[in-house]
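Dear colleague,

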Amino acid sequence: MKQFCLRGLTRAVLSLQIMLALPAWADTVWHCSRAPAMQQAVGSGPETGDLFALAQQDGADDVIQISVTDLIDVYSGVSVRLSGLPLSACFMPVNDPMTMKAMRDLGLNADVSSALARKSAIAKNNLYRITDESEMKACIKRHHPAVGYLNRAQVTEQLAPCF
Amino acid sequence: MDSILLIIMTKNFFKIALHLCGAALYVGLAMAQESPWHLGATGSQVPAPAAINTITEKPGPHRIVVAVIDSGVIASHPSLAGQLLPGYDMVSAAQNLRKERSADFSPDERGAKCGSRLMADSFRTHGTEVASLVAGNGVDGVFGVNPSAKVVPIRVFGACAMSRKDLLDAIAWAAGMQVPGVPANAYPAKIINLSMGGGSSVCNPELQALIDRLVQDKIIFVAAAGNNFQKPLPEPANCSGVISVGAINAENQIEVYSALDPRTLVYAPGGGAALPANAPWGVNKLKVATYELDFFGKERSSARFSGVGTSFAAPVVAGFISLWLSHNPDKTFDDFLSNKAKFLRPALPIEKCAQCIPLGLFNADRMGTP
């Protein structure tokens, strides 16, 4: 009985720790890389307020266009291609609260993505593990076309929210 | 001689009868085993909590035309055989890799690129997948909500960005209005499905005026709420007179990627993370007609549980309404709203949006009843 109670207590403490480890801002904002501003698209593009996408939110025209399914696929190690180029995915360590939230949103197990990233060094599957959020922007920029997550929406010359 | 003929005829009759029975049994079994979870359960199966309950609903006598304004449709998909009407590529010349508008409503080629703009290959098959959820014929287990509906495919998305003008032209043409330089649409739509989002946070006046005019003409608009991860509704879902559709999972919870806005009129299964449930709906993805690459890198048609997004929840609603209209072709957007008790039921509330009262799509009664 004592052992049973102890186990229950341990579980409760662990659950509490996990909950505390997830701060109130534990939302993740998916960010996508932007095309270098060298080439112009065919014709004159529409104004930003006139842009539409396939069930996505509006954004700058040069942000790569991906779907939720693409997100799920790329973090599962499935190859996703954009106009012939492979999509890369950046992510932080498994125990990072943002990673946990991001992977949970996609219905994925962070451990699986982590294992895939380790394998990525041998058999390239375009998953890149980085150590913290400060490296995320650099990773997204370096591996264009790429996707990653940040704790708030940021727009730079290299990246912007995907959705 | 006569008796020999009679024996042969009788034999053939039994053979044919056996074949017919076999085919019917096969179709019945296929329906029972493969019918998508989001339509409801057959026999003793337990339906998904979010299933729309149309699996046993027979279409009415009226053939309803649904316009799918999207990335184009690949007409050769077996699950869409016999389901498509002539459509149009409404992407204007400046944004069109084919350099002109035409009757070819197929999407841009896989890997197509527009300047430095990159687009995922998944968008090539987007329109095909959406159309299959409206009117898939059942081949390979891809059942649309209303296989008796016919789809008019209209392309407005290619590898280049989409312009508002093309959207306005596409809507007008879908409804049977004249668009300069484009032959008339011989099959005006009663329902227009828009699995897209963007534009402005407030509905553009020109778009709203067009929608208002067509709603008066008894055309029903269905638009995806958008996969903007809990932000407000974009256009065209934020326009009045439009049935805005958010996504719920098989257990009636709003999907995390879905827009979150009290103005969202209805939620429908949109697919998402797999659920722990030990039931067919645990997969929590919608089975769609799509294309994928085979081992040799060649594109081939397939049917997969891969639909995730409000893009896929919207055609479930469009198909549902087409089924309703097949019994009652004169019903309107206002009639749909006044039939809330018949067609909608509460979905699970969400803490992040206290003002949201999510309602899931549900066929509570026979649609043929007045």
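In chain B, the axes of helix H2 (residues 126-135) and helix H5 (residues 310-327) come within 7 Å and cross at roughly 35°. Axes here are lines fitted to C-alpha atoms, for helices over the stretch in contact, with angles running from 0 to 180 degrees between N-to-C directions. Helices (H or I, at least four residues) and strands (E, at least two) are DSSP runs, numbered from the N terminus. The crossing of H2(B) and H5(B) is right-handed, that is, the near helix is turned clockwise from the far one by less than a right angle. H2(B) contributes His126(B), Glu129(B), Val130(B), Leu133(B), Val134(B) and Ala135(B) to the contact, and H5(B) contributes Ser311(B), Phe312(B), Pro315(B), Val316(B), Ala318(B), Gly319(B) and Ser322(B). Residues are in contact if their C-beta atoms, placed from the backbone, lie within 7 Å. By class, eight of these residues are nonpolar, four polar and one charged; Ala, Val, Leu, Ile, Met, Phe, Trp, Tyr, Cys and Pro count as nonpolar, Asp, Glu, Lys and Arg as charged, and the others, Gly among them, as polar.

The model is predicted: local features need pLDDT of at least 70 and side-chain atom pairs count only at pLDDT 80 or more, while totals for chains, interfaces and linings use all residues. Residues are numbered from 1 along each chain as its sequence is written, and chains are lettered from A and ligands numbered from 1 in the order in which they are written.

Chain A has five helices and eight strands, in the order α-β-β-α-β-β-β-α-α-β-α-β-β from the N terminus. Of its 163 residues, 43% are buried (20 or more other C-beta atoms within 10 Å of the residue's own). In helix H5 (residues 133-142) of chain A, the buried residues are Met136(A), Cys139(A) and Ile140(A). They lie on the same side of H5(A), because they cover an arc of only 95° around the axis, taken from the directions from the helix axis to the C-beta atoms. Among the elements covering them are strands E1 (29-33) and E5 (88-91) of chain A.

Between the chains, 49 residues of chain B are in contact with 42 residues of chain A. Helix H3 (164-174), strand E5 (197-198) and H5 of chain B each supply at least two residues of this side of chain B. Two bridges join strand E2 (residues 52-53) of chain A to E5(B), and the two run antiparallel; strands pair if DSSP finds at least two bridges between them. Phe52(A) stands opposite Gly198(B).

With kind regards

Terms used
Two residues are in contact if their C-beta atoms, placed from the backbone, lie within 7 Å. A residue is buried if 20 or more other C-beta atoms lie within 10 Å of its own, exposed if 12 or fewer, and partly exposed in between; C-beta atoms are placed from the backbone.
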